[in-house]
Amino acid sequence: MSTPVDGGIETRLPTALKPFALRQYRLLVLGLILAMFADGVWTVGVVWQVIELGGGPGQLAVVTGVAAVGMVVSTLAGGILADRVSQRRIMIGLELVKLVAFGIVGVAGMLGVLSLPVLVGASLVGGITMGMYYPAYSALLPSVVEAAQLQAANGIEGFLRPVIFQAIGPMVAGGAISIASPAAAIVLAGLASASSAMAYVAMAPVAVRRDLTATAAHPVRSVVADLVEGFAYMWRTPWLWATLFFSCILVLAVMGPIEVLVPFALQDRADGGAGDHALVLAGFGIGAAASSLVFASIPMPRRYLSLMFGIWTFSSIPLVIMGVADSTWMFVAAGFLMGVMFDGPMVLWGTLLQRRVPPELLGRIASLDFFVSVALMPVSMALAAPISHAIGLTATFLLAGLLPVPVAVAFYLAARLWRDEIEHPLRLEIKEVTPLS
């Protein structure tokens, strides 16, 4: 018979839901949901706010471009900060900053006094906060749930991201824009950020898992030393550098075709439009959410690195399908497969970071991971169009789909990951959950 813990929540929950037995985690995931909802609403609201101001593609490119730059330049600093300061306080501060930025844009838009420079500034702030959030969240999670529950918690996050950030947030934003205005949607995003901050405030304080007494006294030398220490750990850790370097190639190969070329391929091959493109994106999101839940529910595999690399090796192959597809359903099916193969192993990857990286380094290593994910996205998107003009749309999809396969095999062999995973097993027995707060 199960016994109630932490306010009546039972311990004998399905594996994927075990972390919800903890009040600290429930508050953390509530804040995560609200933060992702705010970002999803803002992402759509800011586009239509630019259009309402009379801006065109050039102005929109500036607004979205500065957000990408903000994410890239802030994430490494966010990792250093997450290893020095309470991650909970960092996340409270980030959501309050978003409240101010979104609130200024929304109120100014309602009053009719909003200008493009203000919108650009708010977009830069939004990008910076997004870049700093992931390292703080990743470093905080192992202090909130037990090691045996990390995989489930990462699976929950992997499920929520496409559902909240990519689906519900944009849908609500579209409704608010159609009923009222882009400014109203942006105000809603600000209110969601404020609510997220309040959820984090309600959490019990969480100590930083690092002894700071040995850090350099001079602030500049101390920051540089922290950054160097993070890169040094990566270089001497084969499973880490192998995965990050492969991720660079994977992102460079696939993000441009997905973001830039799919709409044109749909139009040329399947006579598709915006609705068909939305179906492809929805297919990707559904696959990602379903795969994340599956990986949240299974035990950590004994051959976790081999499974992770094995799936990611073929995760770009659906682009080959898109390269020859002549109907919308084929694009949707390919998008679904990509979502499954991209996001499922991410659950293992997040758990691997939190289990094997020393706690005092986790923020910096998580920031390196996020940096790799976003740094080459603009490059990939910039290269996609000229390459497709040079060699054709089909050849570009084929190249993007096939190139990562031998690269993945090469890094797997170079780092000898099949030995590493046996020498460092991660499977744990899941015990009765007891509150950490």
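Let's start at Val 125, which counts as partly exposed because its relative accessibility is 26%. Keep in mind as you look around that this is a predicted model. Val 125 sits in helix α4, the stretch covering residues 116–144. If you set aside the neighbours within four places in sequence, Val 125 is in contact with Val 97 and Ala 101.

Next, the charged pairs. Side chains of opposite charge can pair when their charged atoms come close. Here the count comes to nine salt bridges. One of them joins Asp 83 and Arg 364, with 2.7 Å between the closest N and O atoms. Asp 83 is in the loop between α2 (57–82) and α3 (87–111), while Arg 364 belongs to helix α13 (residues 362–375), so this pair ties together parts that are 281 residues apart in sequence. How covered up are the two partners? Asp 83 is buried, since its relative accessible area is 2%, and Arg 364 also counts as buried, at 3% relative accessibility.

Now move to helix α5 (residues 150–179), where Arg 161 and Glu 157 are four residues apart, so about one helical turn separates them. Their side chains meet in a salt bridge, 2.6 Å from N to O. Arg 161 is partly exposed because its relative accessibility is 31%, whereas Glu 157, with a relative accessible area of 11%, is buried.

Another salt bridge brings together the side chains of Arg 303 and Glu 421, at 3.1 Å from N to O. This pair links distant parts of the chain, 118 residues apart: Arg 303 is in the loop between α9 (274–297) and α10 (304–313), and Glu 421 is in helix α17 (residues 417–423). Arg 303 is partly exposed at 36% relative accessible area, but Glu 421 counts as buried, at 1%. Going back to Asp 83 and Arg 364, salt bridges with shared partners join these two with Arg 84, Asp 226 and Glu 229 into one network.

Last stop: the surface. Leu 252, Val 379, Leu 383, Ile 387, Ile 391, Leu 399 and Leu 403 make up a nonpolar patch there, and together they have about 530 Å² of accessible area. Which helix gives the most to the nonpolar patch? That's helix α14 (residues 377–391), with four residues. Leu 399, for its part, lies in helix α15 (residues 393–402), and it counts as partly exposed because its relative accessibility is 46%.

Conventions:
Residues numbered from 1 in each chain as written. Predicted model: local features only at pLDDT ≥ 70, side-chain atom pairs only at ≥ 80, totals over all residues. Heavy atoms only, no water. Helix = DSSP H or I, 4+ residues; strand = E, 2+ residues; numbered from the N terminus. Buried < 20%, exposed > 50% of the residue type's maximum accessible area, 1.4 Å probe, protein only. Contact = heavy atoms within 4.5 Å. Patch = residues over 30% accessible without salt bridge, like charges linked within 9 Å, V, L, I, M, F, W, Y side chains within 5 Å. Areas by Shrake-Rupley, 256 points an atom, 1.4 Å probe, with all protein chains shown as cover. Salt bridge = Lys/Arg side-chain N within 4 Å of Asp/Glu carboxyl O.
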